[in-house]
Amino acid sequence: MGYHTIQRETRICEDAVLVTVRAEFPIRGSVELSTLALFLVHGHSAALACTCVRNIHDTIPPVTLSVRVENAITVSYGAAEVAEQGSVYLRVAWLRGLEIARNELTRRLRHIYSPCQHKLGNTVEKQTTRNKSLRAFFEPESVAVIGASQDEEKVGHSVLRNLLRFGFEGRVYPINPKAGEILGTKCYPSARVIGSRIDLGVIVVPARFVPVVIEDLIANGCRACVIITAGFKEIGSREGVELEKRIVAMAREAHMRILGPNCFGIINPHNGLNATFGRDMPGKGHIAFMSQSGALCVAVLDWALGVGIGFSKVISMGNEADLTEVDYMEALAQDEKTRVILGYIEGVKDGRRFLEAAERIAREKPLVFIKAGGTSAGARAAASHTGSMAGSEKAFKAAFRQSGIVPARSIEELFDIAAGFAYQQVPRGPRLAIVTNAGGPAIMASDAAERLGLILPNLTKETVQYLRERMPPEVSLNNPVDLIGDADVERYRVASEKVLEDPNVDGCIFILSPQATTEVEGNAELVGTLAESTDKPVLSSFMGRVRLGRANAILQEHSVPNYSYPERAVNAFRAMADYSSWLRSPKPEPRSFEVDRRRAEEVLTKALSDGRRELADTDGREILAAYGFRTPETLLARTSKEAIAAAETIGYPVVMKIAARDILHKTDIGGVAVGLRTPEEVRLAFLDMTSRAQGYLVEGANVQEMIRGGREMILGMSCDSTFGPLLLFGLGGIYVETLKDTSFRIAPVNEDEARNMIREIRAYSILQGARGEPPSDIDMTVESILRLSQLVMDMSAITELDINPLIVLPQGQGAVAVDCRMVIKEDERCRAST
Ligand code: COA
C-alpha cells in the first residue's frame, strides 16, 4: 500500500541529512509507510529512499538508505523514528563517501531547503517528542520463554522460574517441543501455536536454533525479544558474527527489537518481571542499572540485595546487536520509576548519538556512568603529539563532562553517587555543612571536601550566635560543627535545624560515631525527619556496624543515604554539586567565524590529489590562515642569499626552519635555528641546516618572523574512533609530552567549553600572570580553540592536527600559530564510529 506523503522539513547537518516527512493521515498502530524523497538537484539526483513499518507506540527499527550523488554511491545507515503522531523522522548518517560529492550535495540541498547550522545538536529539539519507551520489554502482558526446561540445572529453567515466582502478573508461556508442562505451567512446542500475540520472547536455546526461534516469534506477531543465548559476535568467529548479522536482519525486516544477545536478561522489580537466570529479585527502587557486562549485573544484584539497594530497572545489554545503550538511556529517561540512570559501559556504538542523547537526558535525570577498558592502542598509532596524548579514556572523560554524565571510578562509587541522586535533592551549589559528634572523622570529611573542590562555608553570624546561646562552650561552631562526643539527640536537633536553614549552606552531611552515650537510633530518626522537612540534600555517615542497630534501616526508611565513611558521603555530595553546576550552566551554541573555507578546501584537495598524507609549513599555515589564525610571516629561501634577503624583509631577529616535506621532526636533525640577528648568522644557519638535511627532499629553508614573549601552548585535534574530532589544549613547546599538562573536549565546542579547557590545565595560573608577569591573552586563546573547532568540523579530511607552539602573547596582543602539522586522509571522514 502506498501513502502519499508531503515533505515537511529537511536539515543538512555535519553528519547527516535529516528529513521529516508527514503522512497525510495519522499513523496509528502498526502501519506500513513507504516514503521516497527524491531531490532533483541541478540535473543530478540524490535519492533518499526508505521503507519501513511505523508504530507510534514503539521505537522504529533502523532502515538502510542509499544516497546516490553523481557517480559516487554512499550507502548509509540511518535510523528512522516517529517524531510525532503522523510524521516520520529520518536520520541518515554519512558513513563514507567522496567528500566532494558530500559537500556538493550538502551545498545544493542547502540552497534549495532552509539552511541549518553545522551541528548535530540541531536535531535535539526534534527528538524530544519521540516515543522511546521499550514498553514491550519492561511492561509486557505476556512473555514466552523459548528453551524453558524441566531440568533445574538449565538456564531455561531458571528464567522460567524467575518469571513465575516474583509476582509478575502477565501470562507466561514456556516453549519447549518436548515438554507438556514445566513448573506447573502449560508448555507449547512453538511460539507459532500459542494462539495469542506474545509481547516479549526470552530466548534461551543454543545459538544455532535462534534464527528458527525468531522466525516463530515473528510469525506469532511478537515484536520484542531478549536473547540470553551466547555464541554470537562475542566469540570472535566469522560464524558468530554472521549469525548475529542474520538475526538482526531478520528482526529488522519484521520490525522486531532485540535486547542482547549474550546477556543476563532484564528485571523490572516494580511489576515482578525477572527475565534473567539469576537467583534473586532485587528490591524496588528508583535506580536504573544498565550494564554491558552480564557478570557484573549478577554481582551487583547480589551485593545490592545485601545492602538494601532497590532498582527501577536492570538491563544487561549484551552484544547490543540491535538495541544499544542509547535506546536504553532514552527508555529510562521516560521511565517514571527511574530517578537516576547508572551505566557500566566498555564502549559505545555511536559516539555522536550517545553524546546528543546523554546531554538531553542529563538535563532531566542524572546519568552516572562507569567506563571500563580504556585503550591506548589508538594513541600508539598516532603521528602527532595530540594523537599520542589522546586515547579513548581522555575522549570518554571529555564526552562525559560535556554531556553532563557524572563519572564514577568504581562500582562502589557508582552506587554511592546513585544513592544521593535517587533519594535526595540536587544541591543548589557546592557549599557543604558538616555536623558531627566526632572530630577526627570531621577532619577527614573536611580534607576530602577541600580536595574535591567543595566549599565548607562559614555559617552566618546569626547561626553562630544562635548556636552559641544554646550549645555548651566546648562545641565548635565553625563548619564542621562539632557537637562533641556526649551530644544527645536534642543537641543534634537544635544544631542541625539551624545549620540546614543557614543561607550559606547548600547541603549537609551528618556524621555520627557511636560513642557510649550516643543515641544512635534516635539520631537516625532525627536526621531522617530533618531530611524530609528541607529542600537541601542531607547525607549521613553513621559510622561503625554493631552499635548502629536499626539506624541504617531507619535512615533508609527516610530515604537518607548512609555511607560507612565520611569521605564517601563527601564524594557523593561532590558529584551532586558538580551535576548541579552543569545543570545551571547555559549551553551556548558554538560561535561561527567568517572563514575562507573554500581556500582551505582547495589546499587540502590539492594535497590529497598529490598523494600527500601530511601537511606542514606553507600548506598548514595557509589552512590555518584561512580559518583566521595569525601565523608568523614566513618566506621560503632556496639559497643562503635568498635567506638573507628574506630576513631583511621580515626584520631581525628571525627564525629559520628547514623546508623538507619528508622531515617530521625538524629539531631532531638540527633543522631549526632561532634568534638569528645578522646576515652572517642567517647565512651560516642556512648552510648548516641544509647540509645536515642531506638525503631528504630539501626545498630550502623557511625564514620566519620571530615571535617574542608569550607562552608556548599546544592546540591540537586527533580523531577518536568513538566520538570523532577530539580537541586538545595544553602546555606546548618541547615539554609537551613530558609534562602532559593538557585538557580535552569533543568538537564542536562552545565558548564556555573552550574557556574551561584553558582553566583546567595546571599552567593556567601562569597564563593568568604569575609572579608579576603580564597575563596572557586568554580571550584570544579561547578564540583559537573555537576556530580550530570550526576548522576540524568543516574539514573532515584532517585526521590529526598539532599547532605547536601556539604562542599566546600578553593580554590584548593575540596568539600566533607558529608551527603546525596535519595528517590528512582521503575517503576517510574523521567521525565517530557507527
Ligand atoms: N524451541 C524451544 N525449545 C528448544 C528449541 C526450540 N527451537 N530447541 C531446543 N530447545 C530446548 C531444548 O530441548 C532444551 O530443553 P530440554 O532441557 O527439555 O531438553 C532447552 O531448549 C535448552 O536447550 P539445550 O540444548 O539443553 O541448551 P542449554 O540449556 O544447555 O543451553 C543456552 C542453552 C542458551 C543457555 C546456551 O546455549 C548459552 O548460550 N549459554 C550461555 C548463556 C550466557 O552466558 N549468556 C550471557 C550471560 S551474561
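## Close-up views of a predicted protein model with its ligand

**View 1. The whole protein, seen through its contacts and secondary structure.** Residues are numbered from 1 along each chain as its sequence is written, and side-chain values use heavy atoms, with hydrogens and water left out. The protein has 27 helices and 36 strands, taken as DSSP runs numbered from the N terminus, with helices being H or I of at least four residues and strands E of at least two. Among the 834 residues of the protein, 58% are buried, where buried means under 20% relative accessible area, exposed over 50% and partly exposed in between, with a 1.4 Å probe and protein chains only.

**View 2. The surroundings of the ligand.** The ligand is surrounded by 22 residues, each with a heavy atom within 4 Å of it, and the closest are Ser149, Lys154, Asn176, Lys178 and Ala230. By class, this shell holds 14 nonpolar, six polar and two charged residues; Ala, Val, Leu, Ile, Met, Phe, Trp, Tyr, Cys and Pro count as nonpolar, Asp, Glu, Lys and Arg as charged, and the others, Gly among them, as polar.

**View 3. Atom pairs between the ligand and the protein.** An N or O atom in the side chain of lysine 178 lies 2.8 Å from an oxygen atom of the ligand, whereas at isoleucine 228 a backbone N or O atom is 2.9 Å from a nitrogen atom of the ligand. For these pairs of N or O atoms the cut-off is 3.5 Å.

View 4. Taking a disulfide as a pair of cysteine sulfur atoms within 2.5 Å, the count comes to zero disulfides. Cysteine 222 is in no disulfide, and the nearest cysteine sulfur, that of cysteine 225, is 6.5 Å away. Cysteine 222 counts as buried because its relative accessibility is 0%.

**View 5. Phenylalanine 396 in helix α12.** Phenylalanine 396 belongs to helix α12, which covers residues 392-403, and it counts as buried because its relative accessibility is 3%. Leaving out residues up to four places away in sequence, phenylalanine 396 touches Ile345, Gly347, Val348, Lys371, Thr722 and Phe723.

Definitions and conventions. This is a predicted model: local features need pLDDT of at least 70, side-chain atom pairs count only at pLDDT 80 or more; totals for chains, interfaces and linings use all residues. A polar contact is a pair of N or O atoms within 3.5 Å; within protein, one must be able to donate a hydrogen and the other to accept it, and residues adjacent in sequence count only if both atoms are side-chain atoms. Contact means heavy atoms within 4.5 Å.
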